[in-house]
Amino acid sequence: MQISVKSNVTEIAKTLDRKYKKQIPFAASRALNDVAFAARKEANLETNKVFKGGAVAFTRRAFRYKKSHKTRLSSEVFVGPDHDYMAYQIEGGTRFPDSKFVRVNTTHTKLNKYGNVTRARMQQMITNKAKYFTGTPKGMPDAGDGIWERYGRKTKSGGQRIRMVASFQEKASYRPKFPFEKIVQGVVADPVLGFSARFASRIAAASRTAK
């Protein structure tokens, strides 16, 4: 997402003496970095509000920013490369598997307070063959492929009952959930954290030290 602040720079530049105008690129670059840093911080904090139960520490570090330079007046706030799942939370869309399938939770999946399956839980589901098995149950071709849990008591007439705790799908669809664009736009326009305020502060500081 790109937001132009050219008009903000132009308006403030009109109020400056000519000898201070050479400070504009430097001040604009600093202001862009201030705003990008603030937007990244706000987006990371917002993850804890949007997702049910809050967000895990890893997700609260999902957003990063790229600094501006006085010769390249552009800064960027973006999803980190290790957090590509956040792109689906922002834009929605269809996720296809990296290997054979996409693992999708079911109504029987045991989630933590953040709505996730912990690594320990997933490891148990994979390694505890006495309690879990993978695939499609015998005699139930329409039951679906996934991870199944055995539960309840064994009886003389038959084995334990089973329920699917993870479904293997060819793809998974997501609806937009995280208001990233709204968050960034809100910071850019903020009367204290926004670009106009930060640029005015930075140009004032640069003007005081200008030779």
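When I call a residue buried, I mean that its relative accessible area is under 20%, whereas exposed means over 50% and partly exposed lies in between, with a 1.4 Å probe and protein chains only. This is a predicted model, in which local features need pLDDT of at least 70 and side-chain atom pairs count only at pLDDT 80 or more, while totals for chains, interfaces and linings use all residues. Residues are numbered from 1 along each chain as its sequence is written, and side-chain values use heavy atoms, with hydrogens and water left out.

Let me start with Ile162, which is found in strand 7, residues 161-169; helices (H or I, at least four residues) and strands (E, at least two) are DSSP runs, numbered from the N terminus. Ile162 has 27% relative accessibility and therefore counts as partly exposed. Leaving aside neighbours within four places in sequence, Ile162 is in contact, meaning heavy atoms within 4.5 Å, with several residues, including Phe133, Met140 and Trp148.

Turning to helix 6, residues 195-209, we have 15 residues reaching 21 Å from the first C-alpha to the last, close to the 21 Å expected at 1.5 Å a residue, where the expected span is 1.5 Å times one less than the number of residues. Which residues are buried in helix 6? They are Phe195, Phe199, Ile203, Ala206 and Ser207, and because they cover an arc of only 100° around the axis, they lie on the same side of helix 6; the arc is that of the directions from the helix axis to the C-beta atoms. The face turned away from the buried side of helix 6 carries the exposed residues Arg208 and Thr209.

I come now to the aromatic rings, where rings of Phe, Tyr and Trp (its six-membered ring) pair if their centres lie within 6.5 Å, and planes under 30 degrees apart count as stacked, over 60 as edge-to-face and the rest as tilted. By this rule the count comes to 9 aromatic pairs. One of them is the stacked pair of Phe51 and Phe178, at 6.2 Å centre to centre with 15° between the planes, and this pair links distant parts of the chain, the two residues being 127 residues apart. Phe51 is buried at 14% relative accessibility, and Phe178 is buried with a relative accessible area of 2%. Phe101 and Phe168 have ring centres 3.8 Å apart and planes at 20°, so that pair is stacked as well.
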